[in-house]
Amino acid sequence: MTKFVYDFAEGDRDQRDLLGGKGANLAEMTNLGLPVPPGFVITTDACRAYLAEGREPESMAAEVTEHLTALEKTMGKQLGQADDPLLVSVRSGAKFSMPGMMETVLNVGLNDESVRGLAAQAGDDRFAWDSYRRLVQMFGATVLGIDAEHFHDALEAAKTGKDTKNDLDLDAGDLSTLVETFKGIVSEHTGRDFPQDPREQLDLAVRAVFDSWNSPRANIYRRQERIPTDLGTAVSVCSMVFGNLGMDSGTGVAFTRDPASGARGVYGDYLQNAQGEDVVAGIRNTLPLADLEQIDKSSYDELMGIMTTLEQHYRDLCDIEFTIERGKLWMLQTRVGKRTAGAAFTIAAQLIDEGLIDDDEALRRVTGHQLAQLMFPRFDPDAEKELLTTGMNASPGAAGGKAVFDSETAIAWAKRGEKVILVRRETNPDDLGGMIAAEGVLTSRGGRTSHAAVVARGMGKTAVCGAEELEVDVRGKKFTTSSGREVVEGDVIAIDGTSGEVYLGEIPVSASPVVSYLETGEIDAGDELVVAVDRIMGHADSRRRMKVRANVDTGEDAGLARRFGAEGIGLCRTEHMFLGERRSLVEDLVLAESADDREKALAALLPLQIEDFTSLYRAMAGLPVTIRLLDPPLHEFLPDLTELSVEVAVARERGELTDKQEALLENVRRLHEQNPMLGLRGVRLGIQVPGLFAMQVRAITRAAASLAAEGISVLPEIMVPLVGTVQELQAVAAEIAVVVQEPESQVDGAPVPHQVGTMIELPRAALVAAQIAEVAQFFSFGTNDLTQTTWGFSRDDVESSFFSAYLEHGIFGVSPFESLDVEGVGELVEIASWRGREVRPDLKLGICGEHGGDPDSVHFFHRSGLDYVSCSPFRVPVARLEAGRAAV
Ligand code: PEP
Ligand code: MG
């Protein structure tokens, strides 16, 4: 029979699937002998069964009873016992941390009687009533679904009644009155009294945690973080310890290293006389953890010792929640901590130096996504800036935009293309949508461990938190600085998440030091981050099997890509060489009616193409350069039919219509396509327009031959796009074979070294790859078109059309144009690779669709045996890193 409940002592950290991250780590700490309050975990199996059936699995209640009885025995008191109650916390804990997304209920077991027992035991009436009011409040909001504002307003009213803003000024009498008010709110909104039976409280709280897995905010978070929707959450039930028993008690959060920079030291926040939620919610401003040394040296020393134990044990940065109850330290949670992109690199390199991990492990601990973040620009240090205030540097980066004061506005404005900064007093999980939509987040309260900070760091979003001098007026949609300056909704501000500074107006940004290192290879030995990136990139390069090339069309970009480490060009889209002024040359060619006109148009293009290719070759001297023959969707190179029709009509009206105009309209009408992406493109155009591909091949080989004469070795790879059958490729290959016999295309009496290959970007091509490989020396997967044609999704339209509905319905977690659809499109890639290599074992395989720079896709291409990925220049370092990670 499935076991649904585990004591902490029965689990370990490898059971995150079953016990959730929190439960598994509580188990691990228990078994390490650290001071964890006893408790048990209800498994994710139970949650999944509950979500599927709509009720708890049958044997669960009995198991809970059994573990609760054991816990009561250990603690020497019963749940909710009138004279000395055992109280428990009920917390969610999924496999992947989802900070603040799901529910927590503290102080379960308190009721009208046991509150007096607790008061007597603690010798503190105020504490007991404060704990009870927290229970009714949390239970009311999370378990019974009452709008939290009702409780909040009642609490504020109680404080106003005492003429104070501080919770601590409410005495036992005030709090017991408040409990009555809260209970009234519960009866009014649910039609029933607050449950007095402790076991009923526990069961309902567990169920609420299960239900919270499917809350809208949890769903949004999972989508954002690509967490599968079917994992479910575990529930940990833990005996309560109290940080709100007076000034010798408190609660805090600690990091074993700075999660923002990676620096070693004492990082965290501490709040005296408070319960855990107060710190995370950023409701009261906290003390720096280092102050604890003065407040309670012995707990501080013990905590420092535990932090060392945990780091050594987990071999990584840990974050910790702890509580001190009357001078006794308790560990409530630990996990391998979230960190900024920069800290990820810095810490990984530090841990190698400390002998805790090796280079392979360091490589596993960083991601291409993090590297990409480090390549973002920063505010130009020399720009003029008007500083408004300085807050906590909670999540690095530079962001600017219009100030908005609520999540809905952030989403609405971002949707219409505006950059916004979400400004809040503090954020809570309901602000998630706005945080995603905003360029950055600014809060006036809460520390580095507040909700805003934790979530922003996780998303790689710039955030400045706890800018206390700002008076944020959410209703009035404005904030005021200490000098009285007002910023209203729509005013542009800029925030620097690295320094914590907040500025008025727009500020120019400058390149990141990581980019300049990646480009030049120069290392400033004092810059720990750059040194770490260099070390880990070096290791990635030494481990990766796949090469990384770039998609570029100009010599300048090719040079940049090469400096970023590109090992050749994987795709030059020659149609990009004909945008702008040269567009009319292609138009002339396509519309030419006589062989003579066509020859003229081609002759005009040849020298331009020779020049284009020469500059690519020079930048990539010694490396392979894949040049794709022209592949325009035709509509991009012809006048717009509607506009032209209007022009012609107007000219006719005025009696100014020329024969040329009329012929042009006739031609454009003839060539107009309903579905240009499935129309006269790629190889089809090459076959339809005689001489076009021959001209391009002439330019490719002539440019190579003249550079060879200069002693510059060049390896052109001529690539034919949109092939669906080998006959198409044969036709083009025959044309190529003729051109390379021309003397200008030869070196020392032989054709200049070159290869002929094709893109695989149609499902049919993938399926008949064996035939195509008889002719092609290489395949390059065009996963953009292959995704388009496999799914039947128009790549230009769908992402702004129904994809958001698909994402919302969980039909896919991420757009298949962004991250390769491994099951479908990936299967075609593997079929084609396998069939092609059966025929031609040395067939070179690459990929040049956008997926070449997507971290997850790069891992798939590695597994599929591809020789290289090709991506845009800025993605080259990301692909190098991920190709290395895929190999360890
Ligand atoms: C592709 O289809 O994946 C590809 C690289 O070609 P393009 O994006 O130019 O169609
Ligand atoms: Mg394509």
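Ligand 1 is surrounded by Leu-571, Arg-573, Asp-631, Glu-761, Gly-782, Thr-783, Asn-784, Asp-785, Cys-848 and Gly-849, where a residue counts as near if its C-beta atom, placed from the backbone, lies within 6 Å of the molecule. Strand E25 (569-573) and helix H31 (783-791) are the elements that give two or more residues to this shell. Helices (H or I, at least four residues) and strands (E, at least two) are DSSP runs, numbered from the N terminus. H31 supplies the largest share, 3 residues. By class, the shell around ligand 1 holds 2 nonpolar, 4 polar and 4 charged residues; Ala, Val, Leu, Ile, Met, Phe, Trp, Tyr, Cys and Pro count as nonpolar, Asp, Glu, Lys and Arg as charged, and the others, Gly among them, as polar.

The model is predicted: local features need pLDDT of at least 70 and side-chain atom pairs count only at pLDDT 80 or more, while totals for chains, interfaces and linings use all residues. Residues are numbered from 1 along each chain as its sequence is written, and chains are lettered from A and ligands numbered from 1 in the order in which they are written.

The chain is assigned domain 1 (5-239), domain 2 (250-336), domain 3 (376-510), domain 4 (544-631 + 692-887) and domain 5 (633-680), with bounds from an automatic or database domain assignment. The centres of domain 3 and domain 4, taken over C-alpha atoms, are 42 Å apart.

Two packed helices are described by the angle between their axes and the distance between the axes. Axes are lines fitted to C-alpha atoms, for helices over the stretch in contact, and angles run from 0 to 180 degrees between N-to-C directions.

| Helix pair | Angle | Axis distance |
|---|---|---|
| H22 (583-591) and H23 (595-619) | roughly 155 degrees | within 8 Å |
| H27 (692-709) and H28 (726-739) | about 45 degrees | 9 Å |
| H23 and H27 | about 40 degrees | 8 Å |

H22 and H23 are therefore roughly antiparallel to each other; angles under 35 degrees count as roughly parallel, over 145 as roughly antiparallel, 65 to 115 as roughly perpendicular and the rest as oblique. The crossing of H22 and H23 is left-handed, a term used if the near helix is turned anticlockwise from the far one by less than a right angle, with right-handed used if clockwise. Leu-585, Asp-588 and Leu-589 of H22 meet Arg-598, Ala-601, Leu-602, Ala-604 and Leu-605 of H23, contact being C-beta atoms, placed from the backbone, within 7 Å. This contact has 6 nonpolar, no polar and 2 charged residues.

H27 and H28 are therefore oblique to each other, and H27 passes H28 in a right-handed crossing. Phe-693, Ala-694, Val-697, Arg-698 and Thr-701 of H27 make the contact with Val-732, Glu-735, Ile-736 and Val-739 of H28. Its residues divide into 6 nonpolar, 1 polar and 2 charged.

H23 and H27 are likewise oblique, with a right-handed crossing. Residues of H23 in this contact include Leu-602, Phe-613 and Tyr-617, and those of H27 include Leu-692, Arg-698 and Leu-707. The contact of H23 with H27 has 13 nonpolar, 3 polar and 2 charged residues.

Key:
Two residues are in contact if their C-beta atoms, placed from the backbone, lie within 7 Å.
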